[in-house]
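Here is a short briefing on one protein chain. Keep the sequence and the 3D view open as you read.

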Amino acid sequence: MKTTRLLPMVLLFSMSVLLDSTDLLAQCTGADEYGYLMFFADGSGDGNYQVNQSCSWSFESRIGGICKIGFSDFHTETDYDFVRIYDGPDANAPLLAELSGNIDPGFYTTTQPFAFIEWNSDGIETRPGFSG
């Protein structure tokens with residue numbers, strides 16, 4: 001059974017969740033905000049994430065600082081299902097990391113008050129997923 005631990009992920013105050021389809025609303029989770037900390041996940045809970053997920057999270061520091069992103073769990077299908085972290089407000093910003101597999105991805109820090117995170121799974125296999 002998968003146990004999701006929520007660890008501090010980002011120093012910020014606001015977040016928006018962008019989904020490609022209203023059908024995916026139940027598949028990806030937004031954020032729980034605890035003061036300066038925000039948390040996000042693929043929405044799988046104790047099971048595996050769904051096939052063909054496409055979600056993104058946009059973070060902005062209201063105090064003008066940087067965003068620090070980390071994960072408490074990370075297990076996706078290697079080389080097929082990816083989390084991409086961008087150093088800016090959208091996917092046009094420089095790519096900080098492209099993560100896939102059963103890894104300990106460490107922490108990523110933006111150089112500006114914005115971070116954009118994109119999640120995509122293919123249509124075949126799934127894994128327990130991630131939370132950050």
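Where is Gly47 found? Gly47 lies in the loop between β4 (37-41) and β5. The model is predicted, so confidence comes before the details. The chain has 12 strands and zero helices.

**Confidence**
- Mean pLDDT for the chain is 76. Residues at 70 or more make up 70% of the chain.
- Strand β9 (residues 95-99) has the highest confidence, with a mean of 96. Strand β1 (residues 10-11) has the lowest, with a mean of 36.
- Over residues 1-26, pLDDT stays under 50. The model still has 91 contacts for that stretch beyond four places in sequence.

**Overall build**
- From the N terminus on, the order of elements is β-β-β-β-β-β-β-β-β-β-β-β.
- The chain has 132 residues, and 45% of them are buried.
- Take the contacts between residues at least 6 apart in sequence: 76% of them join residues at least 24 apart.
- The accessible surface is about 6600 Å². Carbon and sulfur atoms account for 51% of that surface.

- Gly47 counts as partly exposed because its relative accessibility is 31%. The cut-offs are under 20% for buried and over 50% for exposed.
- Gly47 and Pro128 are 81 residues apart in sequence. In space, their C-alpha atoms are 6.0 Å apart.

**Strand pairing around β11**
- β11 spans residues 114-120. Five of its seven residues are buried, so the rest of the structure largely encloses β11.
- β5 and β11 run antiparallel and are joined by seven bridges. In this pair, Ser58 stands opposite Phe116 in β11.
- β8 also pairs with β11 in the antiparallel sense, over five bridges. Here Val83 stands opposite Trp119 in β11.

**The nonpolar core**
- The largest nonpolar core holds 18 residues. Those that touch the most other members are Trp57, Phe71, Val83, Ile85, Leu99, Ile117 and Phe130.
- Four strands each supply at least two residues of this core: β5 (54-60), β8 (82-86), β9 and β11 (114-120).
- In soluble globular proteins, nonpolar side chains tend to be buried together.
- What does Val83 touch, not counting residues up to four places away in sequence? The list is Phe71, Phe74, Ala97, Glu98, Leu99, Ile117, Glu118, Trp119 and Phe130.

**Glu98 in β9**
- Glu98 is found in strand β9. Is Glu98 buried or partly exposed? Glu98 counts as partly exposed, because its relative accessibility is 44%.
- Beyond its neighbours within four places in sequence, Glu98 contacts Phe82, Val83 and Arg84.
- Which side chain makes a polar contact with the side chain of Glu98? The partner is the side chain of Arg84, at 2.8 Å.
- Ile85 is 13 residues from Glu98 in sequence. The C-alpha to C-alpha separation of Glu98 and Ile85 is 6.6 Å.

**Points to trace in the viewer**
- Start at Val83, one of the core residues with the most contacts to other members. Follow Val83 across to Trp119, which stands opposite in β11.
- Then find Glu98, which Val83 also touches. From Glu98, pick out the polar contact to the side chain of Arg84.
- Finish at residues 1-26, where pLDDT stays under 50.

Technical notes:
Residues are numbered from 1 along each chain as its sequence is written. This is a predicted model: local features need pLDDT of at least 70, side-chain atom pairs count only at pLDDT 80 or more; totals for chains, interfaces and linings use all residues. Side-chain values use heavy atoms; hydrogens and water are left out. pLDDT is the predictor's confidence in each residue, from 0 to 100. Contact means heavy atoms within 4.5 Å. Buried means under 20% relative accessible area, exposed over 50%, partly exposed in between (1.4 Å probe, protein chains only). A polar contact is a pair of N or O atoms within 3.5 Å; within protein, one must be able to donate a hydrogen and the other to accept it, and residues adjacent in sequence count only if both atoms are side-chain atoms. A nonpolar core is a set of buried Ala, Val, Leu, Ile, Met, Phe, Trp, Tyr and Cys residues joined through side-chain atoms within 4.5 Å. Two strands pair if DSSP finds at least two bridges between them. Accessible areas come from the Shrake-Rupley method with a 1.4 Å probe; for residues, only the protein chains shown count as cover.
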